[in-house]
Amino acid sequence: MKLTGNLETAINAQVTLEHHSALAYEQLAIDMEAIDLPGIASWFRAQAAEERVHADKFTQHMLDRDAHPRLEAIEAMAAPATTVLEAFEASLAQEQKVSEAIRDLYRIAQDEADIDSLPLLHWFISEQVEEESTVSEIIGRVKLIGDDGSGLLKLDQELGSRPGGEAPSAGTE
Ligand code: FEO
């Protein structure tokens, strides 16, 4: 069934919001590199890659339903994070914003009786619960670590083991 009306507009905005999330995570990776925490930077790069996959899922859904996604302007990034706690609190705020946007999409889909979009939206509802939970747990651990440098380095090492966050080569070869 062709995607139309308010739902098409809202899913199009969601494509842009997911790309915004990807850029926000790239910025947080840069912020963590700047304070010499390459493992946490790598975790944020992996998260940025996951956000691009989210954007692509919505893009593909639109294309599958004869709609033509159009990327919109992305608002400027927030001020750089200067601590690990600030970085993950920014991450949680971004995820909460995305969760609310997904709930809004679900409400619109229900209003428009758009059954075809529901499996995709259910997947995203579960994904957001998981993402908020993961980030909240890391925030809890960062608070426990406090000013303990060795604890922070251990967390950096642990988060750096997440696959998919390898730094791109800046070489010229
Ligand atoms: Fe695509 Fe982390 O929300």
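Visitor: Which residue with a positive phi follows H3, and near what angle does that phi lie?
Guide: This is a predicted model, and in it helix H3 covers residues 84-111. The residue that follows H3 with a positive phi is Ala-113, and its phi lies near 50°.

Visitor: How many helices and how many strands does the protein have?
Guide: Read along the sequence, the pattern is α-α-α-α-α. The C-alpha atoms of this fold fill a box of roughly 55 × 45 × 25 Å along the principal axes. The count is accordingly given as five helices and zero strands.

Visitor: What span should helix H4 have at 1.5 Å a residue, and how far apart are its end C-alpha atoms?
Guide: Helix H3, with 28 residues, reaches 41 Å from its first C-alpha to its last, close to the 40 Å expected at 1.5 Å a residue. Helix H4 (residues 118-145) also has 28 residues, so its span should be 40 Å, and the distance between its end C-alpha atoms agrees with this, at 41 Å.

Visitor: Which residue just after H4 takes a positive phi, and of about what angle?
Guide: Helix H4 runs over residues 118-145. Just after H4 comes the residue in question, Gly-146, with a positive phi of about 55°.

Visitor: In which loop is Asp-36 found, and what is its phi?
Guide: Most residues other than glycine have a negative phi. Asp-36 is not a glycine, yet its phi is positive. Its relative accessible area is 62%, over the 50% cut-off, and therefore Asp-36 counts as exposed. The loop is the one between H1 and helix H2 (38-64), and the phi of Asp-36 is about 65°.

Visitor: Which backbone nitrogen lies 3.1 Å from a polar atom of the side chain of Thr-16?
Guide: Thr-16 lies in helix H1 (residues 5-34), and it is buried because its relative accessible area of 6% is under 20%. Not counting residues up to four places away in sequence, Thr-16 touches Arg-70, Leu-71, Glu-72, Ala-73 and Ile-74. The backbone nitrogen at 3.1 Å from its side-chain polar atom belongs to one of these, Glu-72.

Visitor: With which residues is Gln-14 in contact, leaving aside its neighbours within four places in sequence?
Guide: Gln-14 lies in helix H1, and at 3% relative accessibility it counts as buried. Leaving aside its neighbours within four places in sequence, its contacts are Phe-58, Val-98, Ala-101, Ile-102 and Leu-105.

Visitor: Why does Glu-51 count as buried, and which residues does it touch?
Guide: Glu-51 is found in helix H2, and it counts as buried because its relative accessibility of 1% is under the 20% cut-off. Its C-alpha atom is separated by 9.8 Å from that of Val-15, 36 residues away along the chain. Not counting residues up to four places away in sequence, Glu-51 touches Glu-18, Ser-21, Ala-22, Tyr-25, Glu-95 and Glu-131.

Visitor: How far apart in space are Thr-83 and Ile-35, C-alpha to C-alpha?
Guide: Thr-83 has its place in the loop between H2 and H3, and at 35% relative accessibility it counts as partly exposed. Leaving aside neighbours within four places in sequence, Thr-83 is in contact with Met-32 and Ile-35. Although Thr-83 and Ile-35 are 48 residues apart in sequence, their C-alpha distance is 7.9 Å.

Visitor: What share of contacts between residues at least 6 apart in sequence joins residues at least 24 apart?
Guide: Buried residues make up 44% of the 173 residues in the protein. Among the contacts between residues at least 6 apart in sequence, the share that joins residues at least 24 apart is 81%.

Visitor: How far apart do the centres of the positive and negative side chains lie?
Guide: The accessible surface comes to about 9,400 Å², of which 56% belongs to carbon and sulfur atoms. The protein has 13 positive and 33 negative side chains, and the distance between the centres of the two sets is 2 Å.

How values were computed. Residues numbered from 1 in each chain as written. Predicted model: local features only at pLDDT ≥ 70, side-chain atom pairs only at ≥ 80, totals over all residues. Heavy atoms only, no water. Helix = DSSP H or I, 4+ residues; strand = E, 2+ residues; numbered from the N terminus. Expected span 1.5 Å × (residues − 1). Buried < 20%, exposed > 50% of the residue type's maximum accessible area, 1.4 Å probe, protein only. Contact = heavy atoms within 4.5 Å. Areas by Shrake-Rupley, 256 points an atom, 1.4 Å probe, with all protein chains shown as cover. Lys, Arg positive; Asp, Glu negative; His and termini not counted. Charge placed at Lys NZ, Arg CZ, Asp CG, Glu CD. Polar contact = N/O pair within 3.5 Å; in protein donor to acceptor, adjacent residues only side chain to side chain.
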